[in-house]
Amino acid sequence: MDASSSQSSQPQPTFAELYTPKFVTVLREGYSLDVLRADVAAGLTVAIVALPLSMAIAIASGTTPDRGLYAAIFGGFLVSLLGGSRFQIGGPAGAFIVLVAASMARHGIDGVLLATMIAGLILVAAGFLRLGTYIKFIPYPVTVGFTAGIAVIIFASQIRDLLGLTLAGQEPGELIPKLETLGRAIGTTNVAAVAISVATIAIISGLRKLRPTWPGMLIAVVVTGVAAALLALPVETIGTRFGGIPQSFPAPSLPVITLAKIQAVLPDAMAFALLGAIESLLSAVVADGMTGRRHRSNSELVAQGFANIGSAVFGGICVTGTIARTATNVRAGARGPVAGMLHSVFLLAFMLLAAPLASYIPLATLAGVLAVVAWNMAEKHEFATLIRSSWGDAVVLLATFLLTVFRDLTEGIVVGFALGALLFIHRMSQITGIDTYAPLTVDDKADRSNGDRERYDPALAADRDIMVYRISGAFFFGAVAAVASVLDRLSGYKALVIDFKAVPLLDSTAANAIAQIAAKARRQGVRVFITGASPGVRRTLLSYGARPPQAKYRSDIASAVSEIKRLTAPGGA
């Protein structure tokens, strides 16, 4: 029986099965006290990471810090409760800073909340129309280009607080006028603010190298906040600029809704929805690769939609899946969505119990946190690699980057996607054929039809010595950025296993990315094993440099892990 006939013999999943939240699936599997303990620990770990980020992102977006906390608490809870991914962590994301700040300048906070609600409705509709399978196919140069562009804009938006500048008027939103205004105010530089921001960056960077498991951002916030208070440094704080954050959450309410207002904010809502869909599904792909599970993309979009509606009703800004916090959740040993829900509960507890302490946090500290975020977002190595790899990738990358920085994020994505699609068509026309048993895309499945897979083993995902990552579907375009962002973090691991069993083909960008990761791993003393690769995929990987001794090829994950255990055991070769 061929693949098509065997697939047609499978019972088609019902509507309810396709949109059943993973939270329900996990409860049906049985939820023990030991699993709850693991989720509590993971949720607390993620909350510690999310706390300073949520406030910093909200401030950089032109709103008050409590708006970021509301988004992480209410929006993040709904993402985990209703989502199609077991491990997704929702909340405000750095990628939204540019869009929210522009919308805030045009329409005020009521306009931002209304745009967030409309974006939520668009995401719900996209999920029910089953568009999630295709949103993930964003060209890799486009994701690198708009991410690097966002990083530049985020850093530029923090220069004022990094240097403690005093401006005579409003800070412009456009990059060139902004830099001109900041340049004229350079004489008002506050030495104390510079010291605080430099100390923040140094603490985060130092701990990342020396103690990677410690919450560097939170430690930097606490240390610099205490130092500024004890030394009475003349720097702006959350308290002096915003009056602190409330020690309670607001009652649910709707923003002002009129037809004219809807028409005015609709372009912003479309941009919020597009970026939210891309970010959340890339984040879910990352979680899949780290755990071996499979998210349901359309169910995830519906959850993201309701999360944005819920966030706006409680006064929060845009919500999406966050790659760094989701990866932290998996690494901390999370077993399911309860960890994400608890992360929101812990953030709520902080706001209710410790809100007055936030008044002492210097704005230079939060600017330092976002400067680190921008540096990490920039994907400098990938940018340089794409510039060198081919003229086509370079054109797509530069067009997206320059349009994002100097024009508009949405325009950059649309133009970049169009150019990337043309480039992809050209490359695919050069491929003579692929194996018929492996589809290019993987449709959502009901959980009952996934019984052929083994029960989730958190030991592999949380193993401190071995990182195991599985890739599914055609490996090209947007998935490369998400995969590379995780596989590039090799510190502390002895071996990396990348499974290609479910990959029917990959393009030059994907193969080059794997080769670069393998080369970096070898320099760091990390063994790399590639498993399950078909002959065609293996040939492409070898041609782009993913070959021994940088990478070894094995038939499956089990044999690779067994060999790694033997080699790394005391007395092993």
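This is a predicted model: local features need pLDDT of at least 70, side-chain atom pairs count only at pLDDT 80 or more; totals for chains, interfaces and linings use all residues.

Reply: Residues are numbered from 1 along each chain as its sequence is written, and side-chain values use heavy atoms, with hydrogens and water left out.

Me: Why is Ser85 called buried?

Reply: Buried means under 20% relative accessible area, exposed over 50%, partly exposed in between, with a 1.4 Å probe and protein chains only. Ser85 has 3% relative accessibility, so it counts as buried. Ser85 sits in the loop between α5 (65-82) and β1 (90-91).

Me: What touches Ser85?

Reply: Leaving out residues up to four places away in sequence, Ser85 touches Lys22, Ala284, Ala287, His295 and Glu300. Contact here means heavy atoms within 4.5 Å.

Me: Why is Ile176 called partly exposed?

Reply: Its relative accessibility is 44%, so Ile176 counts as partly exposed. Ile176 lies in helix α9.

Me: What makes up the nonpolar patch on the surface?

Reply: Ile176, Leu179, Ile387, Leu398, Leu402 and Phe406 form it, with about 500 Å² of accessible area together. Patch residues have over 30% relative accessible area and no salt bridge; like charges are joined within 9 Å, nonpolar side chains (Val, Leu, Ile, Met, Phe, Trp, Tyr) within 5 Å. A salt bridge is a side-chain nitrogen of Lys or Arg within 4 Å of a carboxyl oxygen of Asp or Glu. Areas come from the Shrake-Rupley method with a 1.4 Å probe; for residues, only the protein chains shown count as cover.

Me: Which helix gives the largest share of the nonpolar patch?

Reply: α19, with three residues.

Me: How do you know that β4 pairs with β3 and β5?

Reply: Two strands pair if DSSP finds at least two bridges between them. Six bridges join β3 (residues 466-472) to β4, in parallel. Five join β4 to β5 (residues 527-531), also in parallel. Helices (H or I, at least four residues) and strands (E, at least two) are DSSP runs, numbered from the N terminus.

Me: Which residues stand opposite Leu496 and Asp499?

Reply: Met467 is opposite Leu496. Asp499 has Thr531 in β5 as its bridge partner.

Me: Why is helix α15 called largely enclosed?

Reply: Seven of the nine residues of α15 (residues 323-331) are buried, so the rest of the structure largely encloses this helix. Among the buried ones are Ile323, Arg325 and Val330.
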